[in-house]
Every structure is written in C-alpha cells, then in structure tokens.
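This report is a guided reading for someone who meets the structure for the first time. Please look over the sequence and the fold before going on to the text.

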Amino acid sequence: MDIAATREQFGKLLAATPADRTGVRSRRYDIPREDGSVLTVEVYRPEAAEAAEAAEGAEGSAGSSPGGALPAVLHFHGGGYAIGRALPWQDKTAIDLCRELPAVTIAVEYRLAPEHRCPAGVEDCYRALEWTAQRAAELGIDPERIAVTGKSAGGGLSAAVAQMSRDRGGPALAYQSMCVPDLDDRIADEPDPAPAEHAPRPWVNSLRTIRRSWQHYLPEGSAAGDYAAAARAEDLTRLPPAYVVVCDLDPLRDAGLAYARRLMDAGVQVTVRNVPGAWHGFELHAPRTRLARDMTAHWTGHLRAALYPAAAS
C-alpha cells in the first residue's frame, strides 16, 4: 500500500550486494519521448572490447562478428512494475552479463506505476529497443544479435516487447530470456491459499503482493490491454526463441510454465527450467548459495549460446 516505503525497503535489499564493476565501463543516454520527457538508459560495455577491436580478425574471439561488433542485451529490471530501479552504474545483472557473455548491455530506466500506469513502462522498453537497433553501429553492436531479458516484471516486459517488435515490424530479436516472469494479471484473481504448516516469511512473493502490483500497473477500472500482460496475447507465432525459468515455490510458476507451453505449441523454440525448492527472488537474499549460482549459470549459459551460436555449436 505504501509505495515509497516499499521502494525504500527494496532498494536496501539491492544495495546489500554491491555491484562488481571490474572490466566494465558505462555511459548514460537520454532518449526523447514524444511528450518532451526523456527515457534514460545506461549502456555497459566490456573494457576488453576495445582490445578485441584493435586485434580485428584475431583468432580466439569466439563468435565475434566483422568489425568486432558485440551482441546486445536489453535488461528490464524487476519489481512488480511499481518498485525497483536500474540504479546508475549499479545494475548488477546488466554488469554481470556485460562481462560474462560478453555483450553490450542496456539497462532501461522505464517509468513505474502507479505514477505511470501501463502502457508507459512497456512503451519505454520498446523505445529503448528501437533506439538500440538504430544506434547499433555507434554502440558497437551486431544488430542481428539483440536479446531482451529480465526477472519478474522484467520478464513480463521482455515477453511483451518481443510481441510488440513482431507486431510493429520492429527490430528483430535473437532471443527472449524470461526469469520468473510476471506476465499474466489473471493470477491475481485466484484465491489466496490457506497458510501452510511451514508458511513462507512475509517478504516472500505471494498472491497478495502480485495482486497489488497489477492493481498499480493496470489503468484504473480496466482489464489488461494490449501488451500489458503478455500471456493474454492470442497469437504467439513468429516470436524469437525463448528461455523461461521458474521457481518451484513461486505463485508465478504455473503462469510461467503455461506461457512456455503456449510458445512451444506456437512453434517457438523454448528452453524451460524449474528451480526446485526455491521461491521468487531467493537469489537476492542468498546470492552465494549453490542453488542461486546454478540458476544464474543456467540462464546465462543459454543466453550466451543464443548470442554466440557459432561458439555454442
């Protein structure tokens, strides 16, 4: 109910694990919106990229394209569409992907609800994709190797942006990677389950928190419209290959698995992983556990294979 307090609490959780910025540099850009405001994105680039470009054509740079262009990953942060931020020079996921893939990663500071209800956030994410594709040469990006990724709400935004790009004839995506995605508002209508014998702690994701986030995100008095909830789309054909990871104890699990199944039925190549015994956002609280490291390695590895197909084969 208290957005300001919730954002502050979530910010403290994110700040508990400082970003490792080793080997990465960044630059911030302001992208004009039609109303005169600006969308801020931060572009992270591996410092080693300059050395690779100087050694043009050198052997050992697996999957590199002519001119040293790198793949690109747009990262949409999580937070129930209403909290969370891509903090300046502090987007840990974008920084880690930049260094480990390697890739140019773009952290998108999309507008948050309820101050800016749908479609503000998803339109910001799509605008960032268009901007990235248009500036590919300047940013040192291979336009044929652009992917979208995100956790929770960021996963839902990734799915929606993939649909938007297909429908609008926008930039072609090489991959969509969705981690514990929040992409179906209809789950908020389900009844709260009875408390279990070993009930989760209050900060664990629940149907109550999911319901509240969708109430903030959707326009007041309306159901989910186009691209608000990606799972409502009737046509899932002609979408890019996808990756979906869910957590076994997450109330978002079944909706994520159902979306993955629908993608399969539509002829989309999909990789699915369920993390047993895990709950939504567990890796934020316990990032050094084996389970968190294994989950991160799995989805990062599949993203790398999609962006470096020659090396993967």
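The paragraphs below take up the sheet, its strands, the aromatic rings and some points along the backbone.

The model is a predicted one, and residues are numbered from 1 along each chain as its sequence is written. Its strands include eight that form an open sheet with mixed pairing, in the order β1-β2-β4-β3-β5-β6-β7-β8. Strand β1, residues 24-32, and strand β8, residues 270-275, stand at the edges with a single partner strand each, so one side of each has no neighbour in the sheet. From one strand to the next, the twist averages 20°.

Helix α3, made of residues 92-100, packs on this sheet and touches β1, β2 (38-46), β3 (70-76), β4 (104-108) and β5 (141-151). The direction of helix α3 makes about 35° with that of β2.

How many residues of strand β6 are buried? Strand β6 spans residues 175-179, and five of the five are buried, so the strand is largely enclosed by the rest of the structure. Y175, S177 and C179 point one way from β6, while Q176 and M178 point the other way, and the residues of both groups are buried.

Strand β6 runs parallel to β5, to which five bridges join it, and G150 has M178 in β6 as its bridge partner. V246 stands opposite N274, which belongs to β8.

**Strand β1 and residue D30**

On strand β1 lies D30, which is eleven residues from V41 in sequence and 6.5 Å from V41 in space, taken C-alpha to C-alpha. When neighbours within four places in sequence are left aside, D30 is in contact with V38, L39 and T40.

**Aromatic rings and charges**

The count of aromatic pairs comes to five, and two of them are set out in the table.

| Pair | Centre to centre | Angle between planes | Arrangement |
|---|---|---|---|
| Y29 and W131 | 5.1 Å | 55° | tilted |
| Y44 and W89 | 5.6 Å | 10° | stacked |

Why does the pair of Y44 and W89 count as stacked? The planes of the two rings are at 10°, and the centres are 5.6 Å apart, so the pair is stacked; the cut-off for stacked planes is under 30 degrees. This pair also links distant parts of the chain, with Y44 in strand β2 and W89 in the loop between β3 and α3, 45 residues apart. Y44 counts as buried, because its relative accessibility is 0%, whereas W89 is partly exposed, with a relative accessible area of 25%.

Ring pairs also link Y81, W214 and Y217 into a cluster. In two further places an arginine lies over a tyrosine ring: R145 is over the face of Y308, at 5.1 Å from the ring centre, and the charged end of R168 sits over the ring of Y126, 5.0 Å from its centre.

**Points along the backbone**

Which residue does a cis peptide bond join to A113? The residue is P114, and omega of this bond is about 0°; P114 is found in the loop between β4 and α4. The peptide bond from L101 to P102 is cis as well, with omega near -10°, and P102 lies in the loop between α3 and β4.

The loop between β3 and α3 holds Y81, a residue other than glycine whose phi has a positive value, near 70°. With a relative accessibility of 2%, Y81 counts as buried. The loop between β3 and α3 is also the place of W89, where phi is near 60°, again a positive value in a residue other than glycine.

Methods
Predicted model: local features only at pLDDT ≥ 70, side-chain atom pairs only at ≥ 80, totals over all residues. Heavy atoms only, no water. Pairing = 2+ DSSP bridges. Helix = DSSP H or I, 4+ residues; strand = E, 2+ residues; numbered from the N terminus. Axes fitted to C-alpha atoms, helices over the stretch in contact; angles between N-to-C directions. Contact = heavy atoms within 4.5 Å. Phe/Tyr/Trp six-rings, centres within 6.5 Å; stacked < 30°, edge-to-face > 60°. Buried < 20%, exposed > 50% of the residue type's maximum accessible area, 1.4 Å probe, protein only. Lys NZ or Arg CZ within 6 Å of the ring centre and 35° of its normal.
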